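Please open the model in your viewer and keep the selection panel at hand. The tour below goes from stop to stop, saying at each one what to select and what is there.

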Amino acid sequence: MNSAPSRPRLLRWTRFASDPNGTGPEKRSAQIKELAEAAGFTLADITPPASTPRLPTLLTGLGARLRYGARASVTHAGIGLLGFNTLFYRQALAAHRGARVLLWETTYDDLLPDIARRAGYRVIALPHNLESLVSERVFADATYDPIPDLAAEVRRLRRADRVFTISREERWLLEARGLEPAYLPFFPTAALAAECARIRARRETLAGPDGRVPGPLLLLGSAFNPATARGMKHQLAWLRAAGSTAAEVVVVGPQSDVVLADFAAPRVRILGSVSRERLVTLLETCSALLIHTHGGGGAVTRIPEALLSGVPIIANSNAARDQHGTPGVHSYETAAEFAALAASPPPIPPVPSPPLSAFRFFQDALSALVP
């Protein structure tokens, strides 16, 4: 009896677990894995070793620094880390038993695409965002200029056979630098989409005749991220300034109870981290989701998930990037516009359609690179 043909095995480098209920990066990795598997492939994620020999690591790192220069990585990694990564990449690429195709999600350095190409791999770059625009230095130092790092990042992405961006804006920027990227927007995996459908069904039973759910506003974010915390503080300050007319708001997210403690008030409940079950309940009963960001890159993965769940979005224009004109996304420019939206949250939005043509384009690109 003939056995079924084996599924082509592709190699992937990502720092994140493929968790459809995890953080934004984990949800993106889960989406990429699901799309690859739906196209008939399996993914083998490479894992860094616990350590590498000290002397070979330092010598290899010195060679990498001489070969690639000071901007060999977006983090400006030292010789030790460059050497560690070079040795680990070589080992992982040599050990792989499968198609010579690499999905490159953690696009932090020049090393991996160059080593992979020299080892006979085709490389598909899937940056979660342009890393040079979201580095800690960008948010920590207002005088820091990321443009040299951006130029280096564009240079390393040129080493890939194909590039897929998560946002239209990043595709536009890379096109302006001479690349030909494709657009692969974020959309929840099947498992997460099913949960979103259950949340939407519950919200529809709670909605009034006007389609609005009469609950508190939900402010959701990881407050340990300085950029995220800055946006959360911005919205809370505007709500405080609105005084007695401000809507009730519930704040949720890792370290939000510590970082945002000064904003606690009778109509502002700061819960910190909550269980998935509690978060689902909050999504079912909130009137809208608040998002406010400054700078950054990529796309806000919470938006497609919330819309699928029937939760309208109130966001500043930066947070709404890649979603302008999408039904259910209501953006503002000023404190007055924000206050008006917060005082009268929008109704449940229509169900968004998955971007099937973008999915097929990505899957066809995978198939085209596999012998």
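Predicted model: local features only at pLDDT ≥ 70, side-chain atom pairs only at ≥ 80, totals over all residues.

Residues are numbered from 1 along each chain as its sequence is written, and side-chain values use heavy atoms, with hydrogens and water left out.

**First stop: helix α14**

Select residues 356–369, which form helix α14; helices (H or I, at least four residues) and strands (E, at least two) are DSSP runs, numbered from the N terminus. Its 14 residues reach 20 Å from the first C-alpha to the last, close to the 20 Å expected at 1.5 Å a residue, where the expected span is 1.5 Å times one less than the number of residues. Now colour Ala358, Phe359, Phe362, Gln363, Ala365, Leu366 and Leu369, which are buried, meaning under 20% relative accessible area, whereas exposed means over 50% and partly exposed lies in between (1.4 Å probe, protein chains only). Seen down the axis of α14, these buried residues fall within an arc of 150 degrees, so they line one face of the helix; the arc is that of the directions from the helix axis to the C-beta atoms. On the other side of α14, Ser357, Asp364 and Ala368 are exposed. If you show the surroundings, you will find the buried residues of α14 packed against β1 (9–13), α1 (24–38), β3 (101–104), β4 (122–125), β5 (162–165) and β6 (182–183).

**Second stop: strands β4, β5 and β6**

Stay with three of these strands: β4 and β5 pair in the parallel sense over two bridges, and β5 and β6 also pair in the parallel sense over two bridges, where pairing requires that DSSP finds at least two bridges between two strands. Ala125 has Val163 in β5 as its bridge partner, and Phe164 has Ala182 in β6.

Leaving aside its neighbours within four places in sequence, Leu157 is in contact (heavy atoms within 4.5 Å) with residues including Trp104, Ala125, Val163 and Leu179.

Which order do the strands of the open sheet follow? The order is β9-β8-β7-β10-β11-β12, with parallel pairing. Strands β9 (268–272) and β12 (329–332) stand at the edges, each with a single partner strand, so one side of each is left without a neighbour in the sheet. Strand β8 (residues 249–252) pairs with β9 over four bridges, and Val252 has Gly272 in β9 as its bridge partner.

**Last stop: Pro352**

Finally, select Pro352, which lies in the loop between α13 (335–343) and α14. Its C-alpha atom is separated by 9.6 Å from that of Phe187, although the two are 165 residues apart along the chain. Leaving aside its neighbours within four places in sequence, Pro352 is in contact with Phe187, Arg200, Leu307 and Leu308.
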